[in-house]
Amino acid sequence: MAPTSDNAPPAGSAAASGPSGPVAFQLVLLRRMADHQPGLVEDALRTLRVSRADLHEANRRWQARMHAPRAPGGLQPYRALLGAPEEVAARRLGDLTCEALTWPVPLWPDLRFEVLTAARGAVWNAWLVRAPGAAAPALRTTADLTPWSCTVDEVARAFAPARPMEGSAPTRWALACTVPDPDPDAEPHALVTEFTWGLFQRLVD
């Protein structure tokens, strides 16, 4: 299945209105993930009972919202679709204190969407993280790194030291790390793990 395109036109009359709220935001997340995991995205669309046209329309609206000349920035685009956060907490990052806001994501019940903000609401980071109290996966070998199974932080901890790398888009991250093979007699692999919106997508040799 070919990757979708940000510029692909919406098809059919359903795209004229399309989903809103948290469903629309989940489609925004899925749009970027479709480049690496189109099969999983198709399954997710069926779960959400929406079409590819809905996905394209949700992404078009999000991009227009984020890049309009006078568009309100910061948290406003996230609040517009996700509503009030489930939790707001202070977060210490080195010498700086920021605010962490999290929202549930029905497609991934064990995850939360987290936005970190600085003074005056400027967004530092926005990605998927493990929900409080949810069990993190056991990551020991390459066999455990399955798509959508783990987050950036979990891989970084499991296969330390991991070296952050520049992603291919603002919503993408990559970590260079050494990961053991399932065969205990085999040499560990030096690999790059790639993430979209903080969720693991694929391994790159």
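A search of the whole structure finds 10 salt bridges, a salt bridge being a side-chain nitrogen of Lys or Arg within 4 Å of a carboxyl oxygen of Asp or Glu. The structure is a predicted model, in which local features need pLDDT of at least 70 and side-chain atom pairs count only at pLDDT 80 or more, while totals for chains, interfaces and linings use all residues. Residues are numbered from 1 along each chain as its sequence is written, and side-chain values use heavy atoms, with hydrogens and water left out.

The overall layout comes next. The protein has 5 helices and 8 strands; helices (H or I, at least four residues) and strands (E, at least two) are DSSP runs, numbered from the N terminus. Read from the N terminus on, the order of elements is α-α-α-α-β-β-β-β-α-β-β-β-β. The C-alpha trace spans about 55 × 45 × 30 Å along its principal axes.

Of the 205 residues, 44% count as buried. Buried means under 20% relative accessible area, exposed means over 50%, and partly exposed lies in between (1.4 Å probe, protein chains only). The protein exposes about 10800 Å², and carbon and sulfur atoms supply 53% of this area; accessible areas come from the Shrake-Rupley method with a 1.4 Å probe, and for residues only the protein chains shown count as cover. Among contacts (heavy atoms within 4.5 Å) between residues at least 6 apart in sequence, 47% join residues at least 24 apart.

R91 has C98 in β2 as its bridge partner. The hairpin of β1 and β2 has 2 residues between the strands, and G94 takes a positive phi near 65° there. Strand β2 also runs antiparallel to strand β3 (residues 111–117), to which 6 bridges join it. A100 stands opposite L116 in β3, and the hairpin that joins β2 to β3 passes through 6 residues.

E114 pairs with R91, and their closest N and O atoms are 2.7 Å apart. E114 lies in β3 and R91 in β1, so the pair ties together parts that are 23 residues apart in sequence. E114 is buried because its relative accessible area is 5%, whereas R91, at 31%, is partly exposed.

L93, at the end of the range given for β1 (residues 87–93), belongs to a surface feature. Together with L96 and W124, L93 forms a nonpolar patch with about 290 Å² of accessible area. Patches are made of residues with over 30% relative accessible area and no salt bridge, with like charges joined within 9 Å and nonpolar side chains (Val, Leu, Ile, Met, Phe, Trp, Tyr) within 5 Å. L93 itself has 38% relative accessibility and so counts as partly exposed.

E154 forms a salt bridge with R130, the closest N and O atoms being 2.7 Å apart. This pair links distant parts of the chain, with E154 in helix α5 and R130 in strand β4, 24 residues apart. With a relative accessible area of 5%, E154 is buried. Leaving aside residues up to four places away in sequence, E154 touches R130, A136, P137, L139 and S149.

Another salt bridge joins D35 and R31, whose closest N and O atoms are 3.2 Å apart. D35 is partly exposed at 21% relative accessibility, while R31 is buried at 2%.

Some backbone details remain. The peptide bond from A160 to P161 is cis, with omega near -5°, and P161 is in the loop between α5 and β5 (163–166). R49 is not a glycine, yet has a positive phi of about 60°; R49 sits in the loop between α2 (38–48) and α3 (52–67) and is exposed, at 78% relative accessibility. W148 also has a positive phi, near 70°. W148 lies in the loop between β4 (123–130) and α5 and is buried, with a relative accessible area of 16%.

Note on methods
Two strands pair if DSSP finds at least two bridges between them.
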